Amino acid sequence: MASGRLGANDLAATTNTTVYTVPASTLAALTITVCNRGAVDARVRLALADSGTPGSAEYLEYDALLPANGVLERSGLLL
């Protein structure tokens, strides 16, 4: 079973980005952390999706405000 950092990415604005794909027939327990390294506030969308284009019901966060130099963390996620 894998542990530690399973994915990381330098995200681009207005672009859906897949950071990790759970292998078939596998259960994953995850914590997701998003860090705003910028000097201005940002809006973040976070989804757990079946494809690269999330459906409306797959979003956990939608346009959540992430302050400059702030962190958004979601834990206890099971996939």
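Modeller: Here is a walk through the salt bridges, with some background on the chain. This is a predicted model, so local features need pLDDT of at least 70, side-chain atom pairs count only at pLDDT 80 or more, and totals for chains, interfaces and linings use all residues. Residues are numbered from 1 along each chain as its sequence is written, and side-chain values use heavy atoms, with hydrogens and water left out.

The chain has zero helices and four strands. Helices (H or I, at least four residues) and strands (E, at least two) are DSSP runs, numbered from the N terminus. The order from the N terminus is β-β-β-β. Of the 79 residues, 18% count as buried. Buried means under 20% relative accessible area, exposed over 50%, and partly exposed in between (1.4 Å probe, protein chains only).

Now the charges. The chain carries 5 positive and 7 negative side chains. Here Lys and Arg count as positive and Asp and Glu as negative; His and the chain ends are not counted. Side chains of opposite charge can pair when their charged atoms come close. The structure holds three salt bridges. In each, a side-chain nitrogen of Lys or Arg is within 4 Å of a carboxyl oxygen of Asp or Glu.

Start with R37 and D10. Their side chains meet at 2.7 Å, N to O. R37 sits in the loop between β1 (29-35) and β2 (42-47), and D10 in the segment before β1, so the pair ties together parts 27 residues apart in sequence. R37 and D10 are both exposed.

Next come R45 and D63. This salt bridge also spans 2.7 Å, N to O. R45 belongs to strand β2 and D63 to strand β3 (residues 59-66), so the pair ties together parts 18 residues apart in sequence. R45 is partly exposed, at 46% relative accessible area. D63 is partly exposed too, at 31%.

Then R74 and E61. Their side chains form a salt bridge of 2.9 Å, N to O. R74 lies in strand β4 (residues 71-78) and E61 in strand β3, so the pair ties together parts 13 residues apart in sequence. R74 is partly exposed, at 26% relative accessibility. E61 is buried, with a relative accessible area of 18%.

R5 lies in the segment before β1. R5 is exposed, with a relative accessible area of 72%.

Note on methods: Charge placed at Lys NZ, Arg CZ, Asp CG, Glu CD.
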